[in-house]
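Student: I am new to this protein and would like to walk through its side-chain contacts. Could you guide me?

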Amino acid sequence: MKGVISLKRIFKTGVALALSLSLLSSQLIWAGVNTAEAAGKKVKNVIMMIPDGMSVDGTTLARWYNGGQPLAMDEMACGLVRTYSSDAAIADSAPAGSAFATGYKSHTGYVATLPEVANMPGLRPITEEDKNRPVATILEAAKLAGKATGVISTSETMHATPADFTAHSTSRKAYDDLSEQQVYNNVDVVLGAGWKFMDGNNRKDKTDLISVIKNKGYDYVTTPAALQASKSNKIWGLFAPEALAYEMDRDPAKEPSLAEMTGKAINVLSQDKDGFFLMVEGSKVDWAAHANDPVGVISDILAFDKAVKVALDFAKKDKNTVVIAVTDHGNGGLTIGDAGTTKTYDEEPLATFINPLKKAKLTGEGIESKLNADRSNIKEVMATYFGITDLTEAEIAAIKAAKPGSMNYAVGPIISKRAHIGWTTGGHTGEDVVLYVYAPNGVDRLTGVVENTDIAKYMEEVLGLSLTDATKKLFVDANAAFKAKGASVELKDSGNNNMVLVVKKGATTLELPINTNIARMGDKKVELSGVIVYNGGRTFVPQDAVSLIN
């Protein structure tokens, strides 16, 4: 069938997508989509939606909690996705999201950057030249093609998944670098949380990124009312110092819902005649699963699903938009049923699992604000907000001892036990995850059991983009390129660890501040097509920076 991207085709086409002369060695041996050969129909827009850490049992539980009503994403289910990283069976969010964004598997902590090791079955080893090399994301490729772009998260906007589409680093913890790159990457709409990390007083480089955002022409908003009132085509919205609240705990006057942010972003981005790319992450499904908090999982799966409905409704009306929803990995090993139902599993009514959860009015995280300073009101709070009146002394002690910000780790297991919700781990899990895709008439869905990297290649195909070409334009090895032109290259600290690549040739001096898209030649300031990335050993610059030296 014309345009179908399936396992059969993936095996047939092999490793036809090469990043550069050497990056072919970094590809999967057997997985890949030849975008030059592909004949599928194109669309103007892609909305990529990631419910971080969402398991199949999580969606099942959320559906039962919601009265058994279908989820918006149910009609989109079309396949399974393998989630392993370049060197591990269980992936961290950074390389898992990078696989979606770039089409390459990578290592724990790596953000849109090739790993040092690729030794999982079916992967080619990484060459020395390719190690720690940044690679273009689908968002960056869309931006180069003139499309509007956006990212949304319920976490800090520089957290792993949103960073995977908008920045590059060998460490997801490098918030200063990631957030600065995001600001200078000229994304049209950025919505989420984390203004604390933009404030110069909290940054090692002392850079006030909020001022930079405003100076770059964004409408900087911090409330739901301001977001909805904005008439700008460039919006940067940060609604909390760190992550947003779980949907069940959210104050609608202070924080917008994921669905509201998605609707606003689509409204703004869809005004671009060239189309748009939007990434939406329901970040805290993952966080709740880490804490083994089923109420938090349900809260934010249902919130995510409402955002999916917003995107799906738009796509069905627009008829020129693909919507993809897929988690980056499983988390927690959530099961409906635990050791206590070993002999009675087929006799337990639905109420066994759902009724205890229905009594909760807040998530475990939300409970913390209801406790007094000495936590002497634990019994009252748990009875009022969780409907639990039979706390054991050990459970009371666990709640009392919980560190600030970690209350869901204490409370989640307590309600899980009463609802017979099982958990195998507090970490990620390595199972295949469900793929959900909506494509308009005439555009084939990605189907079957596919690699996470194939998501990027599918988006690349339906948008008519080239990640290979984007990487060549955005990430040139500065040292090699400038020296080939007879120039000298030196990395300098201009103060507070603000690094600048200084290029000299004759009387010409070119300054390239790391993490920005700015080039300076004397009094002349040039805005580049992408950001300048330093990976700790090499600096990579856009091709148009190299072109400034004759």
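**Loops, rings and charges**

Tutor: Let us begin with N497, which is found in the loop between β16 (488-493) and β17 (499-505). Please keep in mind throughout that this is a predicted model.

Student: What is the phi of N497?

Tutor: The phi of N497 is positive, about 65 degrees, although N497 is not a glycine. Most residues other than glycine have a negative phi.

Student: Is N497 buried or exposed?

Tutor: N497 counts as exposed, because its relative accessibility is 56% and the cut-off for exposed is over 50%.

Student: And what about A112, where is that found?

Tutor: A112 is found in the loop between α3 (93-102) and α4 (138-144). A112 is not a glycine either, yet it has a positive phi of about 45 degrees. The relative accessible area of A112 is 0%, so A112 is buried.

Student: Changing topic: how many aromatic pairs does the structure hold?

Tutor: The structure holds four aromatic pairs. One of them is formed by Y175 and F197, with ring centres 4.9 Å apart.

Student: Why is the pair of Y175 and F197 called edge-to-face?

Tutor: The planes of Y175 and F197 stand at 85 degrees, so the pair is edge-to-face; the cut-off for that class is over 60 degrees. The pair links distant parts of the chain, 22 residues apart: Y175 is in helix α6 (residues 175-184), while F197 is in the loop between β4 (189-193) and α7 (209-215). Y175 is buried, at 15% relative accessibility.

Student: Which pair does W236 form?

Tutor: W236 forms an edge-to-face aromatic pair with Y218, at 5.2 Å centre to centre and with 90 degrees between the planes. Y218 lies in the loop between α7 and β5 (219-221) and W236 in strand β6 (residues 235-238), so the pair ties together parts that are 18 residues apart in sequence. Y218 is buried with a relative accessible area of 5%, and W236 is buried at 0% relative accessibility.

Student: Now the charges. How many salt bridges are there?

Tutor: The count comes to 18 salt bridges. E451 takes part in one with R82, where the closest N and O atoms are 3.4 Å apart. E451 lies in strand β14 (residues 448-451) and R82 in strand β2 (residues 77-82), so this pair ties together parts that are 369 residues apart in sequence.

Student: What is the distance from E451 to K105 in their salt bridge?

Tutor: The closest N and O atoms of E451 and K105 are 3.0 Å apart. K105 lies in the loop between α3 and α4, so its pairing with E451 ties together parts that are 346 residues apart in sequence. Both E451 and K105 are buried. Salt bridges that share partners join R82, K105 and E451 into one network.

Student: Which ring does K105 lie over?

Tutor: K105 lies over the face of Y84, at 3.6 Å from the ring centre. Likewise, the charged end of K284 sits over the ring of Y246, 4.2 Å from its centre.

Note on methods
Residues numbered from 1 in each chain as written. Predicted model: local features only at pLDDT ≥ 70, side-chain atom pairs only at ≥ 80, totals over all residues. Heavy atoms only, no water. Phe/Tyr/Trp six-rings, centres within 6.5 Å; stacked < 30°, edge-to-face > 60°. Helix = DSSP H or I, 4+ residues; strand = E, 2+ residues; numbered from the N terminus. Buried < 20%, exposed > 50% of the residue type's maximum accessible area, 1.4 Å probe, protein only. Lys NZ or Arg CZ within 6 Å of the ring centre and 35° of its normal. Salt bridge = Lys/Arg side-chain N within 4 Å of Asp/Glu carboxyl O.
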